[in-house]
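User: I would like to learn how to read a model like this one. Please take me through it feature by feature.

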Amino acid sequence: MQHYPTITAIVIEKHRLFREGIKQIIESEPLFRVIGEGDDKKDTFRLVNRYKPNILILDEDIFIEDLEKGINEISSISPNTKIILLSARSANTDTLILILGSGAHGYIVKEMNDEMFIKAIKTVYRGRFWLHPDISHSLVREYQRLRNALEQSVAQQRQRRPKLPLHLFTLRECEVLELLVTGKTNQDIAKFLNITESTVKNHMRNILGKMNVQDRTNAVILAIKNNWVEPKNRSEINVNRAELVNENRV
């Protein structure tokens, strides 16, 4: 004959009558047993430390000042205890994500029926998360909102992404132009690209001619204006004009 393990639970709930009701619901299942109950923080830590239950049904108002800290402390006392938060209201999405991220395994509301309550305990005991259906819908809506916002952000980034002017320059000239915008001298560019400085000067003459500008400063300004380059930060846009003036002698 196959034997199934008893699922032990502790119930922490402020209101005694409601706590008794929860206890009756839990123990209506043959394999469930409530091994402790209490109504405050002190009871919570004492009972969890003593019994190390499989499940802790915890009224979220017990740790209303800092619920995340309370969950973390409980988990440190008994890492294998799975925590199901009991609430008289539905949590907002931000709070729920914070709570679950801190180590809780389920979130149920007091208005749910007995069958769903038992299902929640069984689900959490098996190592899965449980959320009240209404809360799950809220999370799905929030996920959809965040996904849409992300897609819009990506689309905007793509629109702002620099487009190499290959219709105007060679690939090497594009590389020289990008380095020019960062304020590098001909010598720096030559070293970076592993080419001679005279080759850089030739590329620079071609770039200025194709852009129809007289000097490097205006080349930089035009490249940024046309979104041909992507400076790493604002300081790179503020090109050192003194260096540019010195280099204007291509």
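User: Start with one residue. Which residues does H132 touch, not counting residues up to four places away in sequence?

Analyst: Keep in mind that this is a predicted model. H132 touches Y107, V109, M112 and M116. H132 itself is found in the loop between β6 (130–131) and α6 (133–160).

User: Is H132 buried or exposed?

Analyst: Read the relative accessibility. H132 has 8%, so it counts as buried; the cut-off for buried is under 20%. H132 and A120 are twelve residues apart in sequence, and their C-alpha atoms are 8.4 Å apart in space.

User: Let me step back. How many helices and strands are in the chain?

Analyst: The chain has twelve helices and six strands. Of its 250 residues, 40% count as buried. The accessible surface comes to about 15100 Å², and 48% of that belongs to carbon and sulfur atoms.

User: What share of the contacts between residues at least 6 apart in sequence joins residues at least 24 apart?

Analyst: That share is 63%.

User: Now helix packing. How is a pair of packed helices described?

Analyst: Two values do it: the angle between the axes and the distance between them. Take α1 (residues 16–27) and α5 (residues 114–125). Their axes come within 10 Å and cross at roughly 70°. That makes α1 roughly perpendicular to α5, because angles of 65 to 115 degrees fall in that class.

User: Which residues of α1 and α5 meet?

Analyst: From α1 come I22, I25 and I26; from α5 come D114, F117, I118 and I121. By type, the residues of this contact divide into six nonpolar, no polar and one charged.

User: Give me a second pair. At what angle do the axes of α8 and α9 cross?

Analyst: They cross at roughly 110°, and the axes come within 8 Å. α8 and α9 are therefore roughly perpendicular to each other. On the α8 side the contact uses N186, Q187, I189 and A190; on the α9 side it uses E197, V200, K201 and M204. This contact divides into four nonpolar, two polar and two charged residues.

User: Next, the interior. Where do nonpolar side chains tend to be in soluble globular proteins?

Analyst: They tend to be buried together. In this chain the largest nonpolar core has 21 residues. F169, L177, I189, M211 and A223 touch the most other members. Helices α7 (171–181), α8 (186–193), α9 (197–211) and α10 (216–225) each supply at least two residues of this core. The largest share, six residues, comes from α7.

User: With which residues is L177 in contact, leaving aside its neighbours within four places in sequence?

Analyst: L177 is in contact with F169, I207, M211, A219, A223, W228 and V229. Apart from this core lies another, of 20 residues, including I25, I26, V34 and I118. I25, I26 and I118 also take part in the meeting of α1 and α5.

User: E173 lies in helix α7. Is E173 buried or exposed?

Analyst: E173 counts as buried, because its relative accessibility is 3%. Leaving aside neighbours within four places in sequence, E173 is in contact with L168, H203, N206, I207 and K210.

User: What is the phi of N212?

Analyst: Phi of N212 is near 60°, again positive in a residue other than glycine. N212 lies in the loop between α9 and α10. N212 is exposed, with a relative accessible area of 68%.

User: One last residue. In which helix is N49 found?

Analyst: N49 is found in α2 (residues 41–51). Its relative accessible area is 46%, so N49 is partly exposed. N49 and S76 are 27 residues apart in sequence, with their C-alpha atoms 9.8 Å apart in space.

Notes:
Residues are numbered from 1 along each chain as its sequence is written. This is a predicted model: local features need pLDDT of at least 70, side-chain atom pairs count only at pLDDT 80 or more; totals for chains, interfaces and linings use all residues. Side-chain values use heavy atoms; hydrogens and water are left out. Axes are lines fitted to C-alpha atoms, for helices over the stretch in contact, and angles run from 0 to 180 degrees between N-to-C directions. Helices (H or I, at least four residues) and strands (E, at least two) are DSSP runs, numbered from the N terminus. Angles under 35 degrees count as roughly parallel, over 145 as roughly antiparallel, 65 to 115 as roughly perpendicular and the rest as oblique. Contact means heavy atoms within 4.5 Å. Ala, Val, Leu, Ile, Met, Phe, Trp, Tyr, Cys and Pro count as nonpolar, Asp, Glu, Lys and Arg as charged, and the others, Gly among them, as polar. A nonpolar core is a set of buried Ala, Val, Leu, Ile, Met, Phe, Trp, Tyr and Cys residues joined through side-chain atoms within 4.5 Å. Buried means under 20% relative accessible area, exposed over 50%, partly exposed in between (1.4 Å probe, protein chains only). Accessible areas come from the Shrake-Rupley method with a 1.4 Å probe; for residues, only the protein chains shown count as cover.
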